[in-house]
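Visitor: Could we go through this structure together? I would like to begin with side-chain detail and then move on to the overall fold.

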Amino acid sequence: MPKRSKIDNLKAEEKAWLDQQLINRKFSDYEELETLLGERGLKIGKSSIHRYGKRLQRQMEAIQASTEAAQIIAEATPDEADARSGAVISMFQTGIFDAMLAMQEAEELEAIDQMRIYSKAARGIADLTRASLSQKKWADEIKRRLESAKQQAVEKAQQVAKHNGMSDEDWGMIRAQILGIEVDA
C-alpha cells in the first residue's frame, strides 16, 4: 500500500491553512509555501505541495463547473417538474462514474482500498438512483396534473363557447390552439 501523503496526515487546521494559502496564491509559489510550512514546524517538500495543490485545484474546478452548470440549468429551464433536480442528479452520476474510471487507472491504489471506495460509491449511487426515481415520479405527476388541467380548461371553454353560440368550426380552431394542435385556417 502506498505511503500516505504528509499533507493528508496534517491536522484539520493546518490543512485548512494550507488550502487557503494555495487558493490565495492561485496554486503557485510552492517554494514559498514549503518555507512557510517549515516555519510552522512542518517538513513538506514543494513537490508534495504541488501534487496536493493540483488535486485541490481540480476539485475546486469541478465544483465550480458543476455550480455554473446548475445555474445555467436553473436560468434556462422552467422547473415545474423539478427538471433541475434531475439534471443535478445526472451530473452527480456522471461525476461518480468519472471518478470510478480514474480510480481504476490509479496505480497507487491497492485492491482493498478500491473495494472500500467502490462500496461507498455504490451507496452513493443507490441514493442517487432513489432520488432520480422520486424526481421522475414527481415529473410524471406534474405532467398528469397539467394534462388534466388542460383538459378541464378545454371542457369549460367549450361550455362557454356553446353557451354563447360559437360555431363548431370556430370552436374547433380555439380548441386546437389550446391543445397545441396545428390546423389549416
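Visitor: Which residue lies over the face of Trp17?
Guide: Arg40 does, at 4.0 Å from the ring centre. A charge counts as over a ring if NZ of Lys or CZ of Arg is within 6 Å of the ring centre and within 35 degrees of the ring normal. The model is predicted: local features need pLDDT of at least 70 and side-chain atom pairs pLDDT 80 or more, whereas totals for chains, interfaces and linings use all residues. Residues are numbered from 1 along each chain as its sequence is written, and side-chain values use heavy atoms, without hydrogens and water.

Visitor: And how many aromatic pairs are there?
Guide: Zero, in a search of the whole structure. Rings of Phe, Tyr and Trp (its six-membered ring) would pair with centres within 6.5 Å; planes under 30 degrees apart count as stacked, over 60 as edge-to-face and the rest as tilted.

Visitor: What does Glu14 touch?
Guide: Glu14 lies in helix α1 and touches Arg40 and Leu42, leaving out residues up to four places away in sequence. Contact means heavy atoms within 4.5 Å. Helices (H or I, at least four residues) and strands (E, at least two) are DSSP runs, numbered from the N terminus.

Visitor: Is Glu14 buried or exposed?
Guide: Glu14 counts as buried because its relative accessibility is 16%. The classes are buried under 20% relative accessible area, exposed over 50% and partly exposed in between, with a 1.4 Å probe and protein chains only.

Visitor: Which residues of α1 are buried?
Guide: They are Glu14, Trp17, Leu18, Asp19, Gln21 and Leu22. Gln21 has 16% relative accessibility and therefore counts as buried; beyond four places in sequence, Gln21 touches Leu33 and Leu36. Asp19 and Tyr52 are 33 residues apart in sequence, and their C-alpha atoms are 9.3 Å apart.

Visitor: What about Leu22, which residues does it touch?
Guide: Not counting residues up to four places away in sequence, Leu22 touches Phe27, Tyr30, Leu33, Ile49, Tyr52, Gly53 and Leu56.

Visitor: Which members of the largest nonpolar core touch the most others?
Guide: Ile7, Leu18, Leu22, Leu33 and Ile49, out of 14 residues. Two or more residues each come from α1 (12-24), α2 (30-39) and α3 (46-76), and α2 gives the most, with four. Such a core is a set of buried Ala, Val, Leu, Ile, Met, Phe, Trp, Tyr and Cys residues joined through side-chain atoms within 4.5 Å.

Visitor: Now the fold: how many helices and strands?
Guide: The chain has six helices and zero strands. Of its 185 residues, 18% count as buried. Among contacts between residues at least 6 apart in sequence, 50% join residues at least 24 apart.

Visitor: What span should α5 have?
Guide: Helix α5 (residues 111-163) has 53 residues and should span 78 Å at 1.5 Å a residue; its end C-alpha atoms are 76 Å apart, so the two agree. The expected span is 1.5 Å times one less than the number of residues. Buried residues in α5 include Leu128, Ile142 and Val154.

Visitor: What follows α5?
Guide: Gly165 follows, with a positive phi near 80°. After α1 comes Lys26, whose phi is positive, near 55°.
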